[in-house]
Amino acid sequence: MSDASDNLFLKLLAEKPYLMADGAMGTNLFARGLQSGDAPELWNLDHPDRVESVHQEFVDAGADIILTNSFGGNSFRLKLHQAQDRAYELSKAAAERARAVADKAGRPVVVAGSIGPSGELFVPVGPVTHEEGVEAFAEQAQGLVDGGADILWVETMSSREEAAAAVEGAARAGRPVVSTMTFDTAGKTMMGLSPEDAYTSLRALPVRPAAIGANCGLGATENVLSIVQMHGVVDPDAVIVAKANCGVPEFKDGQFRYTGTPELMADYARLARDAGARIVGGCCGTDGTVLKAIRQALDSHEPGQVPTLEAIVEKLGPLAGVTDRPAHVHAGGAGESGDGDDGGRRRRRRRA
Ligand SMILES: [Zn+2]
């Protein structure tokens, strides 16, 4: 097992100017038959071949980092499926699926244990205490590391308090932790954090994340913009992560579809690098074809100046619109169906 000094992720970061992360687990499981309301994490045991085929698609596209199918694998979230006692088991299985694919890739591929939000509100706005959060995320992280994860990847966070608990809990498993937040509500997280605030509060945590960034949210335009905003406050040695949705999610025929093309996401990847990201991938809507285009763009691009809003809009399209509530829910966690109805449920539950 690795420790901090020989961790594969840290080693690759030291060797390479940039790394490519993968695409969307949720979207690609739906394409393989996952139904609205199913817990994707159960597929790590029930349909290991399908989970591995998503990982394989991303490895074939050139991913340096693959995220495990465990986004909703914390005990809070698994309650929706009466599986709250299985967080360790399902997370371990998730990491084993990814590890199996990474180990036969023929090149170093980092397995990142995905940790998504609990779906609960934390003190001071809700009932969940910091320590309760830390315990739940630590349980999940231990399963992920025992299944072979090289690092823990805390993603799609909205709340400063929950992100702090998740990073602390993840760090208990003794591996580097990456943390990204989602800026889907008028340029801030649903809980009101700007990209600058998110960066500075994550950076100030007792266990400092090895990389910080933005994932999911609205479109690629918004994602690059949030990276540009972070750029204004980042430390020179910061490792910034950009993982945008494949264009803008549109609700059609009962599910979200994404407006992005491989060409658009190639432009996105170049702009994300210009904005200062060292790790670039795709979030919801990103499949192997899109990821391959991102790989080619990264490999043939010499980063230039930090782009202006005008330059970003010219390449990636207009901002999706100023909205005071999230238009979309990151698909791929327990209870996340990826459709509009689920988004409504989640918001209602959050308010409750
Ligand atoms: Zn997403």
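Cys 283 is buried, because its relative accessibility is 2%. Buried means under 20% relative accessible area, exposed over 50%, and partly exposed in between (1.4 Å probe, protein chains only). This is a predicted model, in which local features need pLDDT of at least 70, side-chain atom pairs count only at pLDDT 80 or more, and totals for chains, interfaces and linings use all residues. Residues are numbered from 1 along each chain as its sequence is written, and side-chain values use heavy atoms, with hydrogens and water left out.

Now look at the metal. Cys 283 (SG) coordinates the zinc ion together with Cys 216 (SG), Cys 284 (SG) and His 330 (ND1), at 2.2 to 2.4 Å. Donors are N, O and S atoms within 2.8 Å of the metal (3.2 Å for Na, K and Ca); water is not among the atoms, so sites may look incomplete. Along the chain, the donors of the zinc ion have the spacing C-x66-C-C-x45-H. Cys 216 sits in the loop between strand S6 (211-215) and helix H10 (220-231), and Cys 283 in the loop between strand S10 (279-282) and helix H12 (288-299), so the pair ties together parts 67 residues apart in sequence. Helices (H or I, at least four residues) and strands (E, at least two) are DSSP runs, numbered from the N terminus. Cys 216 is buried too, because its relative accessibility is 5%.

What about disulfides? The count is zero, where a disulfide is a pair of cysteine sulfur atoms within 2.5 Å. The sulfur of Cys 246 lies 10 Å from the closest cysteine sulfur, in Cys 284, so it is too far for a bond.
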